[in-house]
Number of protein chains: 2
Amino acid sequence: MHPYEDIRATILERINNQTWPAGSTLPHEEQLAKEFDVARGTIRRALSSLVEAGLIERRRKAGTRVVDRRSHMSTLNIPIIRHEIESSGAQYGYKLLSSDIHSPEKDETGFFKTASLKHVLALHLKDGRPFQLEDRLINLTAIPKARDESFKTISPNEWLVAQVPYSSIRTYLRAELASALDVTHLKITTGRPVFIVERQTTLKTVPLTRVRLSHDAAQYQVVTETADVT
Amino acid sequence: MHPYEDIRATILERINNQTWPAGSTLPHEEQLAKEFDVARGTIRRALSSLVEAGLIERRRKAGTRVVDRRSHMSTLNIPIIRHEIESSGAQYGYKLLSSDIHSPEKDETGFFKTASLKHVLALHLKDGRPFQLEDRLINLTAIPKARDESFKTISPNEWLVAQVPYSSIRTYLRAELASALDVTHLKITTGRPVFIVERQTTLKTVPLTRVRLSHDAAQYQVVTETADVT
DNA sequence: AATATTATTATGTATATACATAATAATGAA
DNA sequence: TTCATTATTATGTATATACATAATAATATT
């Protein structure tokens with residue numbers, strides 16, 4: 001449609017048919033601009049789109065190189081569980097299980113160096129049945145107003161997203177056997193696997209919150225897709 | 001450092017301190033250009049960077065709105081297992097377990113509509129111990145040269161990445177109990193959880209390959225991080 | 001009131017030009 | 001040879017201008 005899209009498509013084709021194989025260097029912007037008879041800016045538009053897709057890499061003076069696709073980048077999207085459940089047409093339910101204020105020792109991982117912490121345990125239900133167990137620590141030093149929030153009607157997850165700005169989130173995905181808490185609250189039998197999403201949220205090096213979200217493995221999986229550059 | 005970075009930072013600050021709360025509309029480009037005393041292009045540079053980070057959304061005529069951060073986008077990177085193992089300083093090993101050509105019925109999921117398929121089972125080892133079991137189906141109609149590849153010295157994963165261009169990959173991450181094959185080849189005990197990465201690769205609607213990668217849950221987890229926009 | 005048509009407008013693309021910058025390559029000094 | 005210094009150069013940023021486009025808003029038609 002737009003010139004830059006056509007240019008991107010033919011560049012992509014040349015990468016795919018090995019005219020420019022992985023590791024090779026592309027002609028520089030002005031040469032491409034001359035070949036396609038467009039301004040340099042239009043070439044830049046096409047190339048930066050391919051950078052975003054992870055197909056090429058560019059460095060000053062070194063030029064533009066085709067990435068060796070030995071790893072696949074894709075965007076992972078983990079929504080707030082209420083939205084995920086509701087958008088599937090099911091009924092969402094929430095139940096606070098416990099909420100306490102702890103001293104820093106509670107944090108075995110060393111994520112919170114030193115801070116007073118709030119520990120919240122809550123359950124998210126799908127059509128009345130347990131779906132996600134939220135086990136969370138909140139840094140009260142960084143988020144003092146969390147001290148006065150009961151989390152009886154709103155989940156920590158949702159409250160935090162609405163109230164607290166963050167700069168980066170690290171997410172771990174793993175499989176585990178159901179813990180005693182998982183068995184009790186997710187109502188699954190001992191020996192069943194659970195899918196764990198653990199998140200550590202920070203605001204410019206300040207640890208804000210850490211959460212372990214556990215799910216019955218039979219009811220939960222994560223799906224992700226690469227951007228389809230055509 | 002660069003003007004657009006300063007501008008992006010102050011816009012980000014206004015989003016974080018609720019000057020422009022989630023859902024609100026930002027001034028349009030020319031107004032911002034006037035405020036910051038730069039050209040419209042510089043404002044566009046700052047804003048498009050925030051679009052990439054998923055913090056704002058832009059639509060023609062409607063303008064620029066602050067995204068309601070109810071879901072977190074992060075980039076997921078699943079490398080070829082050999083690179084992951086070697087970059088951790090460990091010794092990589094590979095063993096082909098079986099390789100057969102099947103009729104389409106083998107594909108229960110309906111991913112390959114109709115095609116002759118190659119079924120390959122292979123094991124990836126870390127320091128001599130089983131680490132990842134690769135259970136793969138390859139579309140021989142789309143990738144005929146895979147028929148003559150034995151996969152005795154190179155894994156299907158690596159061979160495909162090097163030989164076959166693709167346009168999109170869908171990845172499923174889930175937890176399961178170890179299957180009979182997992183128990184046998186990953187040398188784990190029955191009843192242990194495994195972490196499954198399942199990938200479906202296509203080239204413009206043509207299904208190319210589907211793979212189930214299973215790992216001992218105790219030895220494998222996926223880590224992902226959001227882009228830290230400052 | 002509901003639908004179709006037509007402005008309107010903020011974002012998007014394309015152009016040209018000038019200069020900045022980072023990283024490599026070339027050169028010179030030890 | 002090795003290290004430090006200095007070009008060199010491809011990408012990156014900033015500018016200004018013109019026009020395209022999609023989506024909303026306003027108007028007219030049924």
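This briefing describes the interface between chain A and chain B. The model is predicted, and every value below is computed from it. In this model, 46 residues of chain B are in contact with 45 residues of chain A, and the two chains bury about 4,500 Å² between them.

**Buried area**
- Of the area that chain B and chain A bury between them, 52% lies on carbon and sulfur atoms.
- Within chain B, the residues that lose the most area to chain A are B:Arg69, B:His72 and B:Tyr166, which together account for 14% of what that side buries.

**Polar and charged contacts**
- Across the interface of chain B and chain A there are 12 residue pairs in polar contact, with both residues at pLDDT 80 or more.
- The count of salt bridges between the two chains is 2, and one of them joins the side chains of B:Glu225 and A:Arg170, with an N to O distance of 3.2 Å.

**Make-up of the chain B side**
- Four elements of chain B, namely strand 3 (71-79), strand 7 (168-177), strand 8 (193-203) and strand 10 (222-225), each supply at least two residues of the side that touches chain A.
- Among the contributors to that side of chain B, strand 7 gives the most, with 10 residues.
- By residue class, the side of chain B that touches chain A divides into 22 nonpolar, 14 polar and 10 charged residues.

**Strand pairing between the chains**

Terms used. Residues are numbered from 1 along each chain as its sequence is written. Chains are lettered from A and ligands numbered from 1 in the order in which they are written. This is a predicted model: local features need pLDDT of at least 70, side-chain atom pairs count only at pLDDT 80 or more; totals for chains, interfaces and linings use all residues. Side-chain values use heavy atoms; hydrogens and water are left out. Contact means heavy atoms within 4.5 Å. Buried area is the accessible area (1.4 Å probe) that two parts lose on being put together, summed over both. A salt bridge is a side-chain nitrogen of Lys or Arg within 4 Å of a carboxyl oxygen of Asp or Glu. A polar contact is a pair of N or O atoms within 3.5 Å; within protein, one must be able to donate a hydrogen and the other to accept it, and residues adjacent in sequence count only if both atoms are side-chain atoms. Ala, Val, Leu, Ile, Met, Phe, Trp, Tyr, Cys and Pro count as nonpolar, Asp, Glu, Lys and Arg as charged, and the others, Gly among them, as polar.
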